[in-house]
Each structure stands twice: as structure tokens, then as C-alpha cells.
Amino acid sequence: MKKSLIKQSVLFVTGNQQNVKVEGPKEKVSAYLNVLLASRDLYEALNQENVTLLEIKRLVENKKKHAIVYKTKTNKDWVL
């Protein structure tokens, strides 16, 4: 993943940017967007005071699942 896309992804996950522009084959873009959204969901939950460990565990598993799909589709590890 290019450094500029990593930067945009971090800004999106942390809520400092509302969208990310991505171009490429549909299945790769879809895999990227799914793991990006899963990462954001986990980040947001980790910043809540009333979140349960069960919820965090579910979100981590979801992110792992999407990271595996991303790796399969792009042959690259998810860095976030």
C-alpha cells in the first residue's frame, strides 16, 4: 500500500477524514473498504468508555476476518 493511501486510511480510521478515494479492481477495492471500515469500528469502540470486552472481541474477530480477505485479494498484509 502506498504511503499516501496509508495516511488517508489512518485519518479515516481515526475520524479525521470523512472519506478515502480508492481506485482499482472492484474486488480489491471492496476488500480494502471492508477492512478499513472494520478497523474504524474497532478504533471507535476502543475509545468508548462503556464498551465491553465481548464487543471488542467481536470487532477484533471481524477485523481479522476482513484482513484475511484483503490479504487473499491483494497479496498484501493489512497494516492498520
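## Terms and model

Contact here means heavy atoms within 4.5 Å. Helices are DSSP runs (H or I, at least four residues), numbered from the N terminus.

This is a predicted model, in which local features need pLDDT of at least 70, side-chain atom pairs count only at pLDDT 80 or more, and totals for chains, interfaces and linings use all residues. Residues are numbered from 1 along each chain as its sequence is written, and side-chain values use heavy atoms, with hydrogens and water left out.

## Helix α1

Let's start with α1, whose buried residues (under 20% relative accessible area, with a 1.4 Å probe and protein chains only) are Leu5, Ser9, Phe12 and Val13. These residues sit on the same side of α1 because they cover an arc of only 90° around the axis, taken from the directions from the helix axis to the C-beta atoms.

Turn to the other side of α1 and you find Lys3 and Lys7, which are exposed, meaning over 50% on that scale. Part of the cover over the buried residues of α1 comes from α2. Just after α1, Gly15 has a positive phi of about 85°.

## Helix α2

Next comes α2, with 21 residues. From its first C-alpha to its last, α2 reaches 30 Å, close to the 30 Å expected at 1.5 Å a residue; the expected span is 1.5 Å times one less than the number of residues.

The buried residues of α2 include Val29, Tyr32, Leu36 and Leu42. Both α1 and α3 are among what covers the buried residues of α2.

## Two residues to look at

Find Val51 in the loop between α2 and α3. Leaving aside residues up to four places away in sequence, Val51 touches Ala45 and Ile56.

His66 lies in helix α3 and counts as buried, at 17% relative accessibility. With residues up to four places away in sequence again left out, His66 touches Asn34, Val35 and Ala38.

## The largest pocket

A pocket is an open set of points on a 1 Å grid over the protein atoms alone, where a 1.4 Å probe fits, with protein on both sides within 12 Å along at least five of seven lines. The largest pocket has a volume of about 410 Å³, which is the space filled by probe spheres set on the points.

Of its 16 lining residues, the closest to the centre are Met1, Leu5, Val22, Glu23 and Lys76; lining residues have an atom within 4 Å of a point. The elements giving two or more residues to this lining are α1, α2 and α3.
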